[in-house]
Structures are given as structure tokens and as C-alpha cells.
Amino acid sequence: MSNVSLVILCAGNSSRFNQSAKKQWLRVNNEPIWLYVSKKLTSYYSFDKIVVTSSKNELNYMKNFCDNITFVEGGDTRQKSIKNALKHIDSDFVMITDVARVNIPSEVVTNLINSKNEADCIVPVLDVSDTVIYENNTINRDNVKLIQTPQLSNTKILNQALKTDIEFTDDSSAIKNIHGQIKYIQGSIKSKKITFFEDLEIIKELPSPSNNFFTGTGFDIHPFENNKKMLLGGIEIDVDYGFKAHSDGDVLIHSVIDALLGAIGAGDIGEFFPDTDEQYKGVDSKILLKEIVQFVKNVGYEIINLDLTIIAQKPKINPYKQEIKSKIADLLKIEKQFVNIKATTAEKLGFIGRSEGVAVQSVATVKYYDWKKQI
């Protein structure tokens, strides 16, 4: 037992990164950055436990990637995420880092570990080489240091330091606030954090995302209900019956959502929008699809195309095909040419053949967002 645990903070929304994919979900071959960082750091040292914080809606998805990490829901600030992570730490020491520091050298981790008994918090720092101005006055740059992560703290003291409403930008500031001891060690320019898109230059030597394509299928079926508006593919169909469902019953959009989730390995529509949840009663399915498209993009994918088969004895689909294609393409943020719709009947066989409902089958294809082409 090493008595040192590792926490990787990964719950941010990458708002300053300003790309469709969050930086923690950029791929190195087939690995998201957060997993790449985790494997790299654990190759340097055998940590007692590894904890990764995640945003609430990505938590279950992260669990698909490995079984040796404890995934914890983060908070809306860095400090709240740390507090949540520390509830799962029982080692005497904890090393905390930001996922955006992708190239942390092994010597930084080794020096942190070797210094763990020499203060309450061990902090890597960089000297400043440029002239420094503070409030319009030139100050001695030898007195200025740039703080980095990972930082290694005494777990008990860090927990004590964070029992406050004051928001600190790093662990050492919190511990210093309760007069804890801080030891500074040499950091590394290689540990620079990716914050803005331009910072991708830091990791340009890493392998590109895999060129793999991923395909998912979706299927949904709904019975008719009289005297209800029919929505199919986000378009209102001119008939005097609709679909019986917890939501607005748009069977086509539900099928598309499942195809997209299948393509990225994220489960099914019920895991995101349970039909037992009253907040989704009568909900506009276009809103649900927009949320899933954003999720697909956030976790590092681009949507390539969609192929739909609508199985219906009634209503007639052909008059609405182009309008549905345009609407779905708009919702998926892809060109209309990449949405195909096929319509067929059930030859009067079974539930659909008796004109009691409609089924839709969808096939979606996605690929990784290629961040290297954007540099």
C-alpha cells in the first residue's frame, strides 16, 4: 500500500477551450485525454487509489472505459470537485492534478512523492524569466513563482483547509490559509496546462485520434392515439391521431437518439431520459435530440451520416420526407445530403400492418473529432 492516492480533476466544461469537444475528451489514438493522463501518471508510481471527477452527465459514460478508477461527480467549482473526491480518499497523502496538464514529467511526480513528509503541501513551481509588472510597478521577478499541479498534500490537513466558503485556485493556497507548511519544488515547463485552443501546440507530438468509424443502430415503435398531434422527425404530420407515449412520442427522433448513443457506446435513451421522470412528460423530443447531439460532440465525436427506415402502413411518409430530412440535418448539425430516409409498409402484417402504429430504424455513423487537423 503506497499511502498516496491520485485525484484527476475532469469535471470542467472547457468553456475557454471553445471547441465542439471538451479538451478532456480529445482522443490520443482511441484513448480520451483523461484516461491517457491517468495511465501516464500511474506508470510513474503505484498509487493507492485513483479518483477521477466528472461532470454529472458524463459520469456513467466514463465508467465504460475502465474498472480500476473510482469515478466521482464533480462540483461546479474546482474546490467542490476536490471536496467530493476527498470523500473517497482514505490514504494519508493525496496528489491532485488538472486533467489539462497532459505532459507531466516523471521526475516531477517522483520529487513530489519523495518530499511528502517534508511539509503539509508539496508544490511544483516555475521561475519567471520575463520582467514582471504589478499594479504598474516593476517588481523583483526572483520573488515571483508560477504555481503548477500536481500538488501533493497531507489528506487530513487538506480536508481541514477546505472547510470554508473561500474559493481557492489551488490546494496550497487553501493550506497556507490555515497556516500549513508549504514546500516548493522545481516544476516543469512540460507541465503547462491546456486552457485555450492555441495551447494544443503543447501536445502536438502526441498520436492523432484513431481514424476508426463507429456505427450504432436505433429502433423505436409507438402505437397511435386518437385526437393527438402527430410529430415525426420534428415535423407535424397532418392527421387526426398521434403517438401514445410519455414524451411527445416522436418515434423517429427516439430512434435517432438510440443510434447516436449506440455509436459512441453510451447506452440508450432511457438512461438519459427515463420515462418514469415527470420532467420528460410530454417533452418536445427535439430538445432531447439537441441534448444528445451536444453530448456526442462534448465527448469527442463528429456525426458523419444517418440512414433511417420508417415502417408505416399509415400515414403516408413521402410527402414529408424532404421536410423531415431538413429538420433532422439541422438538429444533427450536418448537411442534408448526409441524412437518408427510406419509407416502407409492413405489407399489412402485424401491429404496423393493421395501422396501429409506426416503427423507425436508424443507423448512425460517427468518428472522433480530429483536433490535430485544427492546429
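You are looking at a predicted model, where local features need pLDDT of at least 70 and side-chain atom pairs count only at pLDDT 80 or more, while totals for chains, interfaces and linings use all residues. Residues are numbered from 1 along each chain as its sequence is written, and side-chain values use heavy atoms, with hydrogens and water left out.

**The annotated site**

Let's start with the UniProt record: an unreviewed entry places the feature "binding site" at Asp-220, His-222 and His-254. UniProt positions follow the numbering used here, feature names are shortened, and annotations may be inferred rather than shown by experiment. These residues are spread over 35 residues of sequence, yet they cluster in space, with a largest C-alpha distance of 10.2 Å.

His-222 belongs to strand β13 (residues 213-226), and His-254 sits in helix α7. Helices (H or I, at least four residues) and strands (E, at least two) are DSSP runs, numbered from the N terminus. The table gives burial, where buried means under 20% relative accessible area, exposed over 50% and partly exposed in between (1.4 Å probe, protein chains only).

| Residue | Relative accessible area | State |
|---|---|---|
| His-222 | 12% | buried |
| His-254 | 7% | buried |
| Met-230 | 0% | buried |

Polar contacts are pairs of N or O atoms within 3.5 Å; within protein, one must be able to donate a hydrogen and the other to accept it, and residues adjacent in sequence count only if both atoms are side-chain atoms. Another, of 3.2 Å, links the side chains of His-254 and Ser-247. Leaving out residues up to four places away in sequence, His-254 touches residues including Asp-220, His-222 and Ile-269.

**Met-230**

Met-230 lies in strand β14. Beyond four places in sequence, its contacts include Phe-224, Tyr-241 and Pro-315.

**Helix α10**

The buried residues of α10 are Ile-324, Lys-325, Ile-328, Ala-329, Leu-331 and Leu-332. Seen down the helix axis, they fall within an arc of 160°, so they line one face of α10. That arc is taken from the directions from the helix axis to the C-beta atoms. Among the elements covering these buried residues are β14 (230-232), α7 (251-264) and β18 (339-344). Just after α10, Lys-333 takes a positive phi of about 60°.

Definitions and conventions
Contact = heavy atoms within 4.5 Å.
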